[in-house]
Amino acid sequence: MSYVDGFVLAVPKANLDDYKRLANLAGPIWMEHGALAYVECIGDDVPYGKVTSFPRAVQAKEDEIVVFSWAVYESRESRDAVMAKVMADPRLTPDWGPMPFDMKRMIFGGFQPFMEL
C-alpha cells in the first residue's frame with residue numbers, strides 16, 4: 001500500500017503567484033526523486049468553522065487563502081528516501097528571499113492509507 005504526505009498552509013493572497021512558482025518548481029523535483037503523485041490545491045469551499053476548520057487550523061487571516069497539498073509514494077520507506085533526496089536537492093535551496101507563506105503555521109504529516117480504491 002502507498003504512503004501519503006499531507007500539507008495544509010495559509011498563503012497571503014498577495015503571495016499566491018510566488019507560491020505557485022515555488023510549487024511548480026518543487027512538484028517536478030518530488031516526482032523526479034520518486035513520488036508517484038504531487039498535488040497542490042487552493043481552497044475554494046473552505047468555511048471558517050465554529051470549533052475547527054482548515055482556516056482555523058492554520059490561523060488563516062482575512063487576506064490569506066488555505067492551500068491543501070499532498071504527495072503519494074510507493075511506501076513509507078520510499079517516502080523517506082524521496083524526502084532525503086528532495087531535502088538535499090540544490091534546486092530547492094536557491095536564494096529566493098522569504099518564503100511566500102508562514103512556515104510556522106504549516107501543518108504536515110505522513111499517513112498510512114488503510115483503504116485505496
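Q: How far apart are the mean positions of the positive and negative charges of the protein chain?
A: They are 5 Å apart. The structure is a predicted model. The chain carries 12 positive and 17 negative charges. Lys and Arg count as positive, Asp and Glu as negative.

Q: Why is Ser78 called buried?
A: The cut-off for buried is under 20% relative accessible area. Ser78 has 17%, so it is buried. Ser78 sits in helix 3, which spans residues 76-88.

Q: What does Ser78 touch, leaving out residues up to four places away in sequence?
A: Ser78 touches Gly34 and Tyr73. A contact needs heavy atoms within 4.5 Å.

Q: What makes strand 1 mostly covered?
A: Strand 1 covers residues 3-12. Of these 10 residues, 9 are buried. Buried again means under 20% relative accessible area.

Q: How many residues of the protein chain count as buried, as a percentage?
A: The share is 39% of the 117 residues.

Q: How do you know that strand 1 pairs with strand 3?
A: Pairing takes at least two bridges between the strands. Strand 1 and strand 3 (residues 64-73) are joined by 10 bridges, and they run antiparallel. By that rule, the two strands pair. Within this pairing, Val4 stands opposite Val72 of strand 3.

Q: What is the order of elements in the protein chain?
A: From the N terminus, the order is β-α-β-α-β-α-β. That comes to 3 helices and 4 strands.

Q: Why does the radius of gyration of the protein chain agree with a compact globule?
A: For 117 residues, the rule puts a compact globule near 13 Å. The protein chain has 15 Å, which agrees. The C-alpha atoms fill a box of roughly 40 × 40 × 20 Å along the principal axes.

Q: What share of the contacts with a separation of 6 or more joins residues 24 or more positions apart?
A: In the protein chain, that share is 83%.

Key
Residues are numbered from 1 along each chain as its sequence is written. This is a predicted model: local features need pLDDT of at least 70, side-chain atom pairs count only at pLDDT 80 or more; totals for chains, interfaces and linings use all residues. Side-chain values use heavy atoms; hydrogens and water are left out. The radius of gyration is taken over C-alpha atoms; the globule rule is 2.2 Å times the number of residues to the power 0.38. Buried means under 20% relative accessible area, exposed over 50%, partly exposed in between (1.4 Å probe, protein chains only). The place of a charge is taken as NZ of Lys, CZ of Arg, CG of Asp or CD of Glu.
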